[in-house]
Structure formats: structure tokens, C-alpha cells
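Here are my notes on the model, as numbered points. Please read them with the coordinates open.

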Amino acid sequence: MLYVLLEPLKEHLHFLNLFRYITFRAGCAIVTALAITLIFGAPMIRWLRQRQGKGQPIREDGPQTHLLTKKGTPTMGGLIVWVALFVSTLLWADLKNPYVWVVLFVAFAYGGLGFLDDYMKVTKQKHDGLSGKARLAVEFVVAGIAVAIISALHAAQTPLGHADWGPLTPLSETIASWAPTATNPKPVAPDYHTSVAVPFLSNYMLPLGGLFIFFGMFVVSGAANAVNLTDGLDGLAIVPVMIAGLSFAAITYLAGNFKYAEYLGIHFTPGTGELTVLLGALLGAGMGFLWYNAPPAAVFMGDTGSLALGGLLGVIAVAAKHEFALVIIGGLFVLETLSVMIQVGWFKLTKKRVFLMAPIHHHFEKLGWAESTVVIRFWIVSVCFALAGLATLKLR
């Protein structure tokens with residue numbers, strides 16, 4: 001938005017040309033989002049504490065230390081991340097880019113769903129919020145709409161060769177500019193928009209046809225719920241989300257640039273480079289939220305934040321055609337989800353438990369690990385997964 005306002009002045013003030021660069025605006029988005037969270041975070045936490053009274057209900061069957069250290073802590077802290085992310089994105093991103101609006105749509109819809117769930121839990125002082133079936137139904141509908149739009153954008157933007165996608169080029173001009181070149185005459189397969197890239201394989205797409213929409217719905221809703229399951233200890237979810245966001249900032253920037261994508265052997269996805277700015281806003285908002293969420297947490301993210309952030313990562317992975325890379329980069333979220341699935345499935349079969357408590361971070365607490373130990377070690381695991389995921393960009 002700032003670029004549009006300042007564009008008429010760039011001929012007289014040449015330094016305004018900096019706004020053309022995604023990296024510059026991504027850096028500005030980080031600083032802006034961080035400043036917003038630090039300035040408005042404390043007042044919002046006070047407001048949440050006044051409104052909620054007893055705060056988020058604490059599980060009585062969980063680690064006993066939680067009943068002492070976490071009781072009375074307000075939830076819905078994801079609102080802090082929301083405000084910073086949306087304002088910073090609207091200021092620094094190219095609002096003519098359709099991918100930006102699709103990602104914001106998913107984040108807002110999932111965040112609203114999480115807010116309603118948190119509100120019901122706080123008002124009832126019970127862990128029973130929205131029914132699981134109703135929540136999943138809404139998640140799949142929202143994801144289905146988003147993935148359908150992304151698929152249509154991919155279909156409209158299937159590059160026949162080199163695309164001169166500038167950071168702020170209108171979509172219509174970009175599509176019109178595509179044409180085969182002498183160095184890259186081979187057109188992309190017509191089913192590009194319904195196919196997914198496979199890690200470690202260069203220039204290969206797995207065609208899914210009509211199943212692509214359902215696959216994308218599973219990726220988006222699965223990512224949202226995986227982050228939601230991980231959010232159980234102070235700082236445990238937000239840092240891995242930031243790590244995954246930083247990894248995908250690199251992926252969207254590279255995949256959205258024809259020369260970099262061609263060099264790395266990854267699929268060129270025009271327009272997704274602009275999502276790097278949005279992910280910069282996520283990084284800044286996450287750092288600001290961690291300021292208040294670091295042990296002992298002054299506020300919990302709640303479903304308000306975890307569903308929105310997980311859904312955001314999922315839809316960006318679909319837009320950039322790196323869905324399988326998300327599984328690797330977000331490996332910590334996958335492990336947390338698998339621990340719950342294994343625990344529930346094995347208990348139904350044998351009436352016995354595999355873990356002392358699920359998700360798995362509570363298992364280690366039950367073993368006697370301090371909360372800070374679990375959190376920091378899980379951060380390290382998250383970094384390792386992210387590095388492995390980024391390695392797929394070159395190992396092709």
C-alpha cells in the first residue's frame with residue numbers, strides 16, 4: 001500500500017525505488033510487526049485479563065505444575081499476532097497480488113474459528129469448545145475455497161517460458177508477457193495447476209487431477225491442527241512457526257523468481273514471491289509475541305493464534321507448490337500430531353497408552369523434564385527439520 005502511495009514521487013526521490021524490492025519490504029514488514037506487538041501487546045494483555053477473569057482453563061489430568069504456574073493466564077493472545085501481521089502486511093505488501101489476499105483470507109477465517117473456540121472455553125471454563133466435527137467442517141470449507149482459487153491462479157499463470165514477474169507487476173500484465181524463449185522453449189505441462197512437486201526430484205510433478213483440491217484441503221487444515229496440538233507450553237509453538245515461516249520466506253522468494261527457480265531446479269510459481277513480505281510480517285509478529293509468551297507466559301496464543309498460523313503456513317505451501325516440503329520443515333508439528341494419533345488409536349485397540357501423555361511434549365514433562373528444557377530442545381529439533389526441508393531445494 002505504501003508503494004502505491006509513494007510511487008508518484010519515485011522520479012523525484014530515487015531512494016523510493018527501494019520499495020520495488022521484495023527483500024526491502026520484507027525487512028520493513030518484520031520491523032513494523034515487531035514494533036506493533038511491543039507497543040500494543042501489553043495493553044491487549046491487560047484487556048484480555050480483565051475480560052477473561054480466570055483465564056484459560058487448565059487440564060487437571062496434565063502436569064501438576066501447570067495448575068500452579070499457568071492458572072489465571074489469559075488466552076486469545078493470537079489477537080496480538082493477528083493485528084501486527086495484518087497491519088504490517090497491508091502496509092508493505094503489494095495488494096494487487098491475489099496470493100496475498102488468499103493467505104490473509106485463510107488466516108482470518110481460521111483465526112476467527114479459533115477465537116470462537118477460545119471464547120466458548122473461557123466463558124464455560126471447560127475444555128469443550130466447538131465440536132470437533134463442526135470445526136473440521138468449517139476448516140475444510142475455507143481450505144477448499146482457498147485451494148480452488150490458488151489452482152485457478154496457477155492455471156491462469158502456467159508459464160510458457162520466462163516470465164517477467166516484477167514484484168509489483170499486475171497479474172494481467174504478467175500473464176500477457178509470457179512467451180516461449182530460445183533458452184526455455186519447453187512449455188509446462190497443462191495439468192501443472194492440479195499437480196504437486198516432489199522433493200529431491202527436479203522438473204517432476206505428481207499429477208492429482210480432481211484430487212488436488214482435496215489434497216490441498218488436507219494440507220491446509222492438517223497444518224492448522226498440527227500447530228494447534230503443538231501449542232501447549234510457553235513459547236513451544238510460536239518459535240517453530242517462526243522457523244517454518246522463515247524457511248518458507250526463502251522458498252517463496254526463490255520459487256517466485258524465474259532465474260533462481262531455474263538454477264535450483266524447482267518449479268517457478270509467479271507471484272508467490274510477494275508472500276515473502278507477508279512471512280516477514282509473521283516473523284516480526286512472532287518475535288513480539290514471544291516477548292510476552294516466554295516463560296512464564298503473560299498470555300497464551302490459544303486456538304485464536306495456532307489455527308490461524310498453521311493454516312497460513314499450509315496455504316502458502318500449496319501456493320508455492322511445496323506441500324511435501326512443509327511436512328519436512330514442519331516435522332515437529334508432524335511428530336506432535338502423530339503422537340496423538342498413536343496414543344488414541346493404540347488406546348482404543350488395547351486400552352493401554354504408548355506415551356505417558358499426548359501430545360508428546362507432555363510425555364517428556366511427565367518423565368521429569370523441566371518445561372523450559374522441553375521447549376528449547378523442541379526448538380532445536382524444529383531447526384533441524386527446517387534445514388532438512390531447505391536442503392530439498394538443491395538436492396535434486
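1. Accessible areas here come from the Shrake-Rupley method with a 1.4 Å probe, and for residues only the protein chains shown count as cover. The chain has an accessible surface of about 17,600 Å², with 70% of that belonging to carbon and sulfur atoms.

2. This is a predicted model, in which local features need pLDDT of at least 70 and side-chain atom pairs count only at pLDDT 80 or more, while totals for chains, interfaces and linings use all residues. Residues are numbered from 1 along each chain as its sequence is written, and side-chain values use heavy atoms, with hydrogens and water left out.

3. The chain has 16 helices and 2 strands, taken as DSSP runs numbered from the N terminus (helices H or I, at least four residues; strands E, at least two). Of its 396 residues, 54% count as buried, where buried means under 20% relative accessible area, exposed over 50% and partly exposed in between (1.4 Å probe, protein chains only). A contact means heavy atoms within 4.5 Å. Among contacts with a separation of 6 or more, 74% come from residues 24 or more positions apart.

4. A nonpolar core is a set of buried Ala, Val, Leu, Ile, Met, Phe, Trp, Tyr and Cys residues joined through side-chain atoms within 4.5 Å. The largest such core has 88 residues, and Leu312, Val315 and Ile316 have the most contacts inside it. Outside four places either way in sequence, Leu312 is in contact with Leu85, Val103, Ala107, Leu278, Leu279 and Leu282. A second, separate core has 9 residues, including Leu233, Ile360, Phe364 and Phe378.

5. Helix α11 (residues 275-293) is mostly covered, with 17 of its 19 residues buried.

6. Rings of Phe, Tyr and Trp (its six-membered ring) pair if their centres lie within 6.5 Å; planes under 30 degrees apart count as stacked, over 60 as edge-to-face and the rest as tilted. The count by this rule is 8 aromatic pairs. In one of them, the ring centres of Trp82 and Phe108 are 5.8 Å apart and the planes are at 35°, so the pair is tilted. Trp82 lies in helix α4 (residues 78-92) and Phe108 in helix α5 (residues 98-124), so the pair ties together parts 26 residues apart in sequence. Trp82 counts as buried at 14% relative accessibility, whereas Phe108 is exposed at 51%. Trp82, Phe86 and Phe108 form one aromatic cluster.

7. Phe215 and Phe324 also form a tilted pair, 5.8 Å centre to centre with 55° between the planes. Phe215 is in helix α8 (residues 212-230) and Phe324 in helix α13 (residues 323-329), 109 residues apart. Phe215 counts as buried at 19% relative accessibility, and Phe324 as partly exposed at 30%.

8. A charge sits over a ring if NZ of Lys or CZ of Arg is within 6 Å of the ring centre and within 35 degrees of the ring normal. The charged end of Arg20 sits over the ring of Tyr21, 5.5 Å from its centre. Arg377 lies over the face of Trp369, 4.7 Å from the ring centre.
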